[in-house]
Amino acid sequence: MNKINIAIDGPAAAGKSTIAKRVAEALRMVYVDTGAMYRAITLAHLNNQETSFKELVGQLELRLINDDGQRVLLNGEDITDRIRENDITENVSFVASQQEVREFLVQLQQLMTRDKGVVMDGRDIGTTVIPDAELKIYMIASVEERANRRLLDNAARGIVSTYDQLVADISERDHLDMTRDISPLSKAEDAIQIDTTGLTIDKVTERILALAEEKL
Ligand code: C5P
């Protein structure tokens, strides 16, 4: 069996993390949610706003633990739930547009994928982090469906939000992520696009597993 990397990119709340986690479990691969890494740096930035990004990333100790999903530790503290809160979501695209932040995280992500066996989701995985990934998926869904899914997700996490606010937030984040100067969100030429609007998690997972089987 070949060892492969799978890159899953796409706009906010398209279902990437849920699906990537399922695919990784089924194939016994390591799941990495890179959005959580940008969120972790956003938390560090909000707590140290006078520190430059260059200095900030130099001081960080970021650990990802695969444990029924992914837990995120920042300087020893478990921040997995904290980084889903609204203040982080509102500021993450700004932090993710900083060159020092991207250089730091892309290097780390490339190290994590060097020996293959990783399902990694994000915005620039197929284009920048692992352009040689054996399988690249670009996942999209209508903004209405994405807002509805995020509404349910947030409710389950105890985060207060409204549908209208989520439509606005998702659209704004997509715009910022697609128009930033450094590695903006875009579909890699060789990525397979899957529109998950109206599809169940099981259906999308099955489709990706079938595509992965061809490469294994
Ligand atoms: O995936 P998630 O919505 O948690 O990502 C949060 C933010 O992190 C995105 O809106 C984007 O600004 C940034 N991000 C990125 N590159 C990645 C993953 C996430 O710029 N590979």
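Glu 206 has a relative accessibility of 48%, so it counts as partly exposed. This value, like the others below, comes from a predicted model. The side chain of Glu 206 meets that of Lys 203 in a salt bridge, with 3.9 Å from N to O. A salt bridge requires the nitrogen and the oxygen to lie within 4 Å.

The side chain of Asp 202 meets that of Arg 22, at 3.0 Å from N to O. Asp 202 lies in helix α9 (residues 201-213) and Arg 22 in helix α1 (residues 16-27), so this pair ties together parts of the chain that are 180 residues apart in sequence. Asp 202 has a relative accessible area of 45% and is partly exposed. Arg 22, with a relative accessible area of 34%, is partly exposed too.

A further salt bridge joins the side chains of Asp 124 and Arg 102, at 2.9 Å from N to O. Asp 124 sits in the loop between β6 (118-122) and α6 (125-129), while Arg 102 sits in helix α5 (residues 99-113); the two are 22 residues apart and link distant parts of the chain. Asp 124 and Arg 102 are both buried. Salt bridges can also form a network, as they do among Arg 82, Glu 85 and Asp 87. The whole structure contains 15 salt bridges.

Aromatic rings come next. A search of the whole structure finds one aromatic pair. Its rings belong to Phe 53 and Phe 94, with centres 6.1 Å apart and planes at 65°, so the pair is edge-to-face. The angle decides this, because planes over 60 degrees apart count as edge-to-face. Phe 53 is in helix α3 (residues 53-59) and Phe 94 in helix α4 (residues 86-96), 41 residues apart, and the pair links these distant parts of the chain. Phe 53 counts as buried, at 12% relative accessibility, whereas Phe 94 counts as partly exposed, at 45%.

Now consider a residue in another helix. Ala 40 is found in helix α2 (residues 34-47). Is Ala 40 buried or exposed? Its relative accessible area is 0%, so Ala 40 is buried. Apart from neighbours within four places in sequence, Ala 40 is in contact with Leu 62, Val 72, Leu 74, Ile 79 and Ile 83. One of these, Leu 62, is 22 residues away along the chain, yet its C-alpha atom is separated from that of Ala 40 by 7.9 Å.

Which strands pair with β7? Strand β1 (residues 6-9) pairs with β7 in the parallel sense over four bridges, and Ala 7 stands opposite Lys 136 in β7. Strand β8 (residues 192-195) also runs parallel to β7 and is joined to β7 by four bridges. There, Ile 137 has Ile 192 in β8 as its bridge partner. In a regular strand, side chains alternate between the two faces of the sheet.

Definitions and conventions
Residues are numbered from 1 along each chain as its sequence is written. This is a predicted model: local features need pLDDT of at least 70, side-chain atom pairs count only at pLDDT 80 or more; totals for chains, interfaces and linings use all residues. Side-chain values use heavy atoms; hydrogens and water are left out. Buried means under 20% relative accessible area, exposed over 50%, partly exposed in between (1.4 Å probe, protein chains only). Contact means heavy atoms within 4.5 Å. Two strands pair if DSSP finds at least two bridges between them. Rings of Phe, Tyr and Trp (its six-membered ring) pair if their centres lie within 6.5 Å; planes under 30 degrees apart count as stacked, over 60 as edge-to-face and the rest as tilted.
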